[in-house]
Amino acid sequence: MKIALTIIFVLVAIALTIIVLSQEGKDQGFGSALSGTVDTYWSKNKKHSKEAVIKRVTAVLGVLFIVLAAVLGSKWFR
C-alpha cells in the first residue's frame, strides 16, 4: 500500500511540476491596474479557456500532493 501511494505521489509531483512550468506568466502587471478593466468577450469567458483549465488542474494536483504528503508522512501510516 505504501509503495503504491509513493508511486502515485511521485507521479503527482512530476505532473504538478510540468503543469506549473507550462503556465503563462501574468504579463499585465501594474499597468493594467491603473487603466481599469474592460469587459471583453475573452474576459467574460475565461473559465472556459485553456489557462482556466490549467489553473483548475494545478489546484487539484496541489491538493492531492499535500494530502498524499500528509498521509505518507503520518505516524499511523508507518
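Trainee: Why is Thr58 called buried?

Mentor: Thr58 has a relative accessibility of 17%. Buried means under 20% relative accessible area, exposed over 50%, and partly exposed in between, with a 1.4 Å probe and protein chains only; Thr58 therefore counts as buried. This is a predicted model, in which local features need pLDDT of at least 70 and side-chain atom pairs count only at pLDDT 80 or more, while totals for chains, interfaces and linings use all residues. Residues are numbered from 1 along each chain as its sequence is written, and side-chain values use heavy atoms, with hydrogens and water left out.

Trainee: Which residues are in contact with Thr58, leaving aside its neighbours within four places in sequence?

Mentor: They are Leu16, Ile19, Val20 and Gln23, where contact means heavy atoms within 4.5 Å. Thr58 itself lies in helix α4, residues 50–73.

Trainee: What makes the link between the side chains of Thr58 and Gln23 a polar contact?

Mentor: A polar contact is a pair of N or O atoms within 3.5 Å; within protein, one must be able to donate a hydrogen and the other to accept it, and residues adjacent in sequence count only if both atoms are side-chain atoms. The side chains of Thr58 and Gln23 are joined at 2.7 Å.

Trainee: How do you know that the span of helix α1 agrees with what it should be?

Mentor: Helices (H or I, at least four residues) and strands (E, at least two) are DSSP runs, numbered from the N terminus. The expected span of a helix is 1.5 Å times one less than its number of residues. Helix α1, residues 2–22, has 21 residues and should span 30 Å; its end C-alpha atoms are 30 Å apart, so the two agree. For α4, with 24 residues, the reach from first to last C-alpha is 34 Å, close to the 34 Å expected.

Trainee: Why are the buried residues of α1 said to line one face of the helix?

Mentor: The buried residues of α1 are Leu5, Phe9, Val12, Leu16 and Ile19. Seen down the axis, they fall within an arc of 100 degrees, so they line one face; the arc is that of the directions from the helix axis to the C-beta atoms. On the other side of α1, Ile3, Leu11, Ile18 and Leu21 are exposed. The cover of the buried residues of α1 includes α4, and that of the buried residues of α4 includes α1.

Trainee: What makes the aromatic pair of Phe9 and Phe65 stacked?

Mentor: A search of the whole structure finds one aromatic pair. Its ring centres, in Phe9 and Phe65, are 4.8 Å apart and the planes stand at 20 degrees, so the pair is stacked. Rings of Phe, Tyr and Trp (its six-membered ring) pair if their centres lie within 6.5 Å; planes under 30 degrees apart count as stacked, over 60 as edge-to-face and the rest as tilted. The pair links distant parts of the chain, with Phe9 in helix α1 and Phe65 in helix α4, 56 residues apart.

Trainee: Are Phe65 and Leu68 buried or partly exposed?

Mentor: Phe65 counts as partly exposed because its relative accessibility is 29%. Leu68, in helix α4, has a relative accessible area of 8% and is therefore buried.
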